Structures are given as C-alpha cells and as structure tokens.
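Subject: Structure handover

Hello,

Here is the structure you asked about. Please open it next to this email and follow along.

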Amino acid sequence: MAGGRWIKYKSTMKNIITIIMIMLLGWGLSAYGQQKEMKMGDTTMPMKMPATKKPLVKNKKATSPDHLNQKKTSPMVIKEGTKQGMPATAASGMSGMKMKGKAVKKMPMKKKGNSAMPGMKMDKGKMQGMDMNGKKDAMPGMKMPDTGTKPMDMQKQGGMKMDMNKEGMMPGMNMSGMAKSGKDTIASTSSTLNDHFIHAGKRVTYNLYITDTVANYTGKPVKAMAINGHIPGPTLTFTEGDTAYIKVHNRMNTETSIHWHGVLVPNQYDGVPYLTTVPILPDSTHLFIIPLRQTGTFWYHSHTELDEQSGLYGSIVINPQIKKNDYPEQVMLFSDWTDYKPKEVQRMLKRGTDWFSIQKGSVLSYGGAISKGYLGDKLKLDWRRMPAMDLADVKYDRFLVNGYTDQQLSKFKPGQTVKLRIINGSSSSYFWLNYAGSQMTVIAADGLEVKPVTVDKILIGTAETYDVLVKIPLKGKYEFRATYQDVSGKVSAWLGSGAEVKAKDIPPVPYYKLTHTFNRMMGQMNMPMNAVPSSKVKNDGLEFSKSTGKMKMDGMDMGGMKMDGKENKPVPDKGDMKMAGMDMKGDSSMKMSGSKSKKMSMKGMNPDMADQQKDMGNMDMGGMGRMNMTDDGRGTKMGPGGSMLLGLGGEGKILTYDMLQANSSTAIEGTHTVRTYHLYLTGSMIRYTWLINNKALSEADKLLIKKGEIVRFVLHNTTMMEHPMHLHGHFFRVLNAKGDSAPLKHTVSIEPMQVKTIEFLADEAHDWFFHCHTLYHMMSGMARVVRYEDAPSNPQVAPYQKNNPLLKDDRQWYTWGMAAFHSQTSVGSVFISNTRYEFNANYRFSYDGRYEIDPRFQRYLDNNQYLAAYVGGNFEQTEKGRLFSRKGDNSAVVGLRYLLPLFVQTDARISSKGQFRLTVSREDIPLSTRLYMGASYNTDNEFQVDTRYILTKYFAVSASYDNQYGFGGGLTIIY
C-alpha cells in the first residue's frame, strides 16, 4: 500500500486496535504488537528466518532383514538442522508469502483497509462468538472473515471473563497446533483443510538408496527392489511445518520414481514420471523438497510400471507440532508378495488363466454348482458373459506387515492404549482387519482425524490408511490380523507378551451363494454391466451447475443401498439427517422405489433440498432403482449399508464410510461453478482391460477443470471388482450420511454395482493423476489425467508431453499360447494382445501330413469387447502325404467374431476365393476345479471336443476327438 490509501489504512487500524485494547485489556497490547510485526496489510508477510547452521548428521546403519540378500547397502542419512523456514523453491503454504514467483494465498480481507486477524472469527460487521451484553452490532464496520477457529467465550456478567487452563490458554479458543511463540502463520491440516496455524519448522533430510536385491520369503530367492536395503523402505518421520528434503538415489540399471501418497506436495515433486516429475534415471539422484502442512499417516511408493510390487514402498508419519495426546504408536504397513515377476502376473491376468483361482479354490465349476444346488445361478452368470465371481485377482505367496510374515510387538506395557498407524501398502489387496484384544476405535482416515468410531472389523482398501486405538491386554499376547479379502492368506502382528490369543477367523467365502446374491441384485437393478453406451459418456458425462454455498446432500453415497436384512446393521448415529422420501437410517441406506427412475425426484424435498438437488446437476444415480431385497436364505447376508461384500466379514460391527465424520464442516462455502464428471468404471474381465467411460488412459481425453471450481466425480462401478480410486494432489469430500461434515480422503473404494460421489475445490494448478490403485488395473488402463485449463505442464516434463510414455502403459503387448501334443495330432494357438488389438494364430498338424493354420489380426470394435473384425489367412493341406511336401490350399480371409451369451464364440469369415465359413465354439468350460472341456463346430462339417486336467501352471494332461483326425491323448503345455 502507498499514499493516501496507506494513511487511511493506518488510521483505521489504530481505531480498531484501540477498541480491541479496551475490550481485551492486557491481551490487546500483545495483539497490537503482533499486528505491527506481521504488517497484515502488505501483500507479503516478512518473517525472520534464523541463520542457517551446519546441519547435524545422524547416520543410521541399515541392516537387512533375513529375507533380503543385499549386495550393496547404503545407509540412510538423516540431517536435522535448525529452523530454516520453508524453502524458497516451493510454496510453503505460509499465508501471505510469495516465493520465487509462486504466489501463495494472502491473508484474507473482506474490504480494502480492513485486515483479518487469524484466530478470531469475525463476519458481517460484528465479532461472532462475543456476547456484548446483548448488543448485536457492538462493532459496526468491522468485517473479518471466518478463519475456522472456534469463537471466544465471553461471559455476560462482569464484562469479559478469561479462565486459563493448565497451559495458560483460554478455554473456548481453538489453540490446536499453535505454538506459544506467536508466529503461527502457516495454514495446516489435521481434520479439515487448513484448520489450524503452525510455525515454520526445521529442515529434515532423508537419503533413500534404491537398489536391486534378492528377497526370500518362501524359501525361494527372487529378484526384488529395496530402499536402503529393506522391504519396505524406512519410515520417514516429520513434524508439520518441517521442510522435507528427500534425496532419492537410483542405484539400479532401470529408471524409477517415488510418489508421496496423500502428502500435499508442489506439483513438480508429486512423483508420477513424465506427468508431474521427471523419472529418476539409473545412477542419478533426484531431490524432492516438500513443505509439510498437514499431519497424519501416509506412505510412499514407486509409480513406475510395476516397481511397487517388487518392494519400492514405505511409510510416512507427520506428527503435529502440539500433540493432543501421548499414546505410544506403532506403524503397521501391510503389503503383498509374489514370487512371480510382476510382469508375469500381469501377463497371466491378461491371458485369463484360472491358475490363481485353482490355487485359491475359487473356481466356480459346473460340477460344483450342481453339487451345491446353484446350477441356475452359474448359468445366469455365464448368460451375462460374466466370469466367475471372485474377490481378488492374484494368489499371493505371502502377506507382510512391516516387511515380515509375522511380527512380535512386545514393547508395549499391559493396559496401555496404543495408536496403530495402519497402511494398506499392497499392490492389489484388500484386507480384513480385526484384533483379538478389544474393539478398534478409528480416529483418523487417510491421515486426517475423524470423530472416533468403535468397530470390530475394517475392510481396508488398497492405498487407504487408518489410525486406530487398541488396548494392550493385561495378560497374554493378542493377535492383530490382516486377512486377504478372499481369505486365501493372512498376516499377523502380536501385541503384548505371554500366551497367544488369536483373532476370530473371517468366514470362508461362499462363492456359489455370493453368485446367487449377485444375480438377484442384477435382476433388480437397471445398471449397465462392464460398459456403457458411448452417448451416455460423451465428454465424460460433463455437467455444469452453480453451488449455493451449502452442500448437504446427505446420503448421496449410493454405497449404502437399503437391503432388508437384519444382519450387521450399524448403530444409528444421532447426527444422521433424513431426506424426504428416503430411509436414511444410521448408515444412510436408501430405500428407492421406481426401478425405471434414473434421476432423483425433487418432489417432497423442502426448498433448500431442491436447491441442493439443482446443485447436483440432476445427478444420474445410475439407474439404481428399488433395492428392497430380502434374504431368501440361499445367498450371502447383506452387510451394513446394504453392502454385498461387507456382509462377508461375519459377525460384529464393520466400518463403513457412512460412519466417518470430520471434526468440523468440510462443506465448500461460497458460490462456485460446479463441474461434474460422471465416470463409469468399466472394462472386460475376460480380456483384463480396465477402463473409465469405456476408454483406457491412452485413448482418453484429459479431465479438464478450472481453478476455483467445485469438481465432482460421480463414480459408477459397473464391474464385478472393487476399485480404490486415488486422486493426486488433493483431498476430496466423500459425500455420505454426515452431510456438511463428510470426511476428507485421498482414496475411495467403490464396490461392484455401486455409486459414490466425491468433490473437491480446484485450488492446485497443473496436471494430476487419478487412477485405480489396484496396480494391475491401473496398468491396464483405469486412469485419467486431471488437467487445470490454461495451466502449463511443469517445464521439466513438458518435453515428454507429446509422446508421454506414461500414457502408453496400457498399450503394452502380452503373449501367451497353448500347444497340445496328442497321439493323433498336435493343436495349439498363439496370442499377442493389448487393449484393443490382437494377433492370433491357430494351428493343427496331423502325423499323416495334413495341416491347417489360421493367422489373423483383429481389432475389438465395441465397448464390451465382444465384437472384433479381422483380416488374416487360411493355409491348409487336406490330403494325406508328406508334411509340406505339396502345395496347399491358401487364401486370404476377412471376418467378424462375436461373443454370445454363455461365452459361445462365433466366427464368420469369407475367403478370397468366395468361401464362407461359420464357426461356433466354447473353450475352457470348467467341469470341476481342474477339469476343463472345449468344443467347436463349423459349417465345413468339422467338429472337435477336447478335455484337459490342469496339473501345474504350465502343464495339463489332455485328450481330444476330431472328426477329421480321430481320438487321441497326451500332454498340453500352457504358457
């Protein structure tokens, strides 16, 4: 400010300060001094930064666990220096500071000449929270915006009464995170965004050395990757206000990356290679500078292809500057391990082999369906062209907690309450969590505090984190168990000492009953399966509307559909609200009538609700009509909120998102343009392609947004798998039964056939990644780039944008095949496939010189990937004789292939000689867990039947009959 404006400002400030001095007596003097020092009217807020001192270096010798054989291990170096404030190279989040051209938010001012004082809540010309002897407008003309701090308690009698607590603070004031130095100017987050102020901390430096290693969890040495010689990497511990200087040294022969999951970082340090951050090349070092303006439990992992599955991950703990409690703590980082190379896992999933299902005992065979009385449900599932109902893709060899297959934690004292920082750092696993000693009290989700809720079990999705309180038993050693969602494996940590007390088992998955329940749901729902019409997702279902400043659409989370079962109903919360025409009992379960209605009617809503419905842009609820489904005794019991999958957890209170509530309002206030994207999670389980709105990442446009908008993603899961969706660079509201105090998260899980809505204020420019955190789903295409319009990419990654390798991950080619060597003939096939294209060659050779080879190159044309067009050839010799000794009958062909219900494959082709042929076939019919059958017939009057019994991943014994070649048997090689 300058000139007359400065004089006017200075005069006004003197009057304000004089009034405050009269009101607040001695406290006003200190406030006046602070006001003078901070110069609140300036566009920058100068702070005295201590002189830099030589940092103290602490060398921690890294020791490798028994399961790691590390050739060369570099120690982790932690440097803790004196306070240096926020780095000049990154936005610190300090109110009013501008660093290296990067603007940071100024102190809020309602009017020119009036400055807001952080820590006081003043609005509309008066000081809210102060009762001035009943006079409402005691201080006219003074407008101070709400900083989110609780109002001061001013007693009516005898003027102002200030009661000091033990720490010398005034009750009624939100002093959380405020140091006594009086220099708390950085907005930080513990439960809601920027809910308290802190002061600048110290610089904390970590050195992370990424190396190739050998791991042995099963008795078999396997190539892996490690950080500082460990799997997982070290826990990075900070205090909010610190500036993290993390030096990542890549000592491998391949490039890699590190992403700081859930940590709000400057865009250039987000760690997604080629999108936000340059890759960390072999034998190079990358420095990440992260000003920490939040508290909580987070983690880090590689974002390069499948490196995370090989061991590149670790935990992050950010402590508050002022702790609210002094619980002893323990990080529990759960993860999954396979002896297969991660790319081999991806190839097996693409191939569609049942080997993982055979290992887990989850094959849904016709023989099993008949013996258990569920043949009709098996046929219905096949009629819908849905693969067997499964909960997890991969059969893992081990599950780990903090890198161990079993961990003993005897350091805690009997009777103590312990805070467990739980991280699901797996590549593709959901875990059931339960504790033998007591119930668990959830106090934080995805790093942010929530109102405590006590539960017996938690189903934690991939990449989610929860902080829970548990009690150490007075006697004995109690199990804290993480069970793989399909109950095919588990891992335990033991709390206390003495005799072991085990946690209750999660019931085995009744797959045939689950199929029955799924079929019943499909019969009552009008929701697309696996894909949606292109017209429905034109421009990603983009809608625009205006916000009213109050987002109170309680129960819009469609994850809680009302199912009339009595089992596992959560205890109703008093704070739950009711909407006209909806049953909002406790878990926001919705009883919706009218199966043909796709949009919520505004009839019966009060005017405020009607306005809010307009704000939601007439949200299409995905055709999820009447869900009043009773238990017929043949299916699985429904869980809380009408969840099909939570019902598999057995007895006890199970955590749902509707139970999570922030400590104060998370509603986005003010009038904003609302940009809504309807994002359908789609794909083909048959071909293992995972998409959003029918498109893989490489095919999709960016999700464009603008700074200052409210952005809503309405996530419709049309598949049979759960998808944990993660947004980089932001926390979003998960709209649930808690209305304005809906929780903030960075990862949200969407059940099959469910809809969830998330929203956030667009306030962090540049590009950010949004993807399914199931690693193999992300690598198969289920991801998008969220781009701020008119916000250029980071200069460091800009050269890669025209030919971005990240966008091509889902275009990778995978190869598989099969060859049967029977006594009368040899038949086989070879496939080379990616998301849309496939090369396939079938062959048949007899030992009397006859052969047929049919190569073709095809493209899948429809959203469901049932229809494909191809060009190819037909090379055959139908007369007996010496193999290839005579010229055969060769021709070019074009054709169409279409997958009918019951997985019947049709193939219509015409040759260059005008010959037409129609083939009908079905392969891989599961007769039992390991016995499969296939059959085919064509209009040239050729037919064959084959069977095979699976012995191992690569071998099967088999037999076949062909009307041209006869009967025979032998060995089949599967690749």
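First, a term. Buried means under 20% relative accessible area, exposed means over 50%, and partly exposed is in between (1.4 Å probe, protein chains only). Strands are DSSP runs of E with at least two residues, helices are runs of H or I with at least four, and both are numbered from the N terminus.

Now the ground rules. This is a predicted model, where local features need pLDDT of at least 70, side-chain atom pairs count only at pLDDT 80 or more, and totals for chains, interfaces and linings use all residues. Residues are numbered from 1 along each chain as its sequence is written, and side-chain values use heavy atoms, with hydrogens and water left out.

**Strand β13**

Start at residues 313-319, which form β13. Of its 7 residues, 7 are buried. Both faces are covered: Y313, S315, V317 and N319 lie on one side, and G314, I316 and I318 on the other. Two strands pair if DSSP finds at least two bridges between them. β8 (residues 236-239) runs parallel to β13, with 4 bridges. There, T239 stands opposite N319. β12 (residues 296-301) pairs with β13 in the antiparallel sense, over 6 bridges. Here Y300 stands opposite G314.

**R836**

Next, go to the loop between β39 (825-833) and β40 (837-846), where R836 is found. Is R836 buried or exposed? R836 is buried, at 9% relative accessible area. Its side chain makes polar contacts (N or O atoms within 3.5 Å; within protein, one must be able to donate a hydrogen and the other to accept it, and residues adjacent in sequence count only if both atoms are side-chain atoms). One reaches the backbone oxygen of N694 at 2.7 Å. Another joins the side chains of R836 and E699 at 2.6 Å.

**Aromatic rings**

Rings of Phe, Tyr and Trp (its six-membered ring) pair if their centres lie within 6.5 Å; planes under 30 degrees apart are stacked, over 60 edge-to-face, and the rest tilted. The structure holds 24 such pairs. F334 and F480 are stacked, 6.4 Å centre to centre with 20° between the planes. F334 lies in β14 (residues 329-337) and F480 in β23 (residues 476-484), so the pair ties together parts 146 residues apart in sequence. F334 is buried at 1% relative accessibility. F480 is buried too, at 0%. Y396 and Y484 have ring centres 6.0 Å apart and planes at 75°, so that pair is edge-to-face. Both Y396 and Y484 are buried. One aromatic cluster is formed by F334, Y396, F399, F431, Y435, F480 and Y484.

Best wishes
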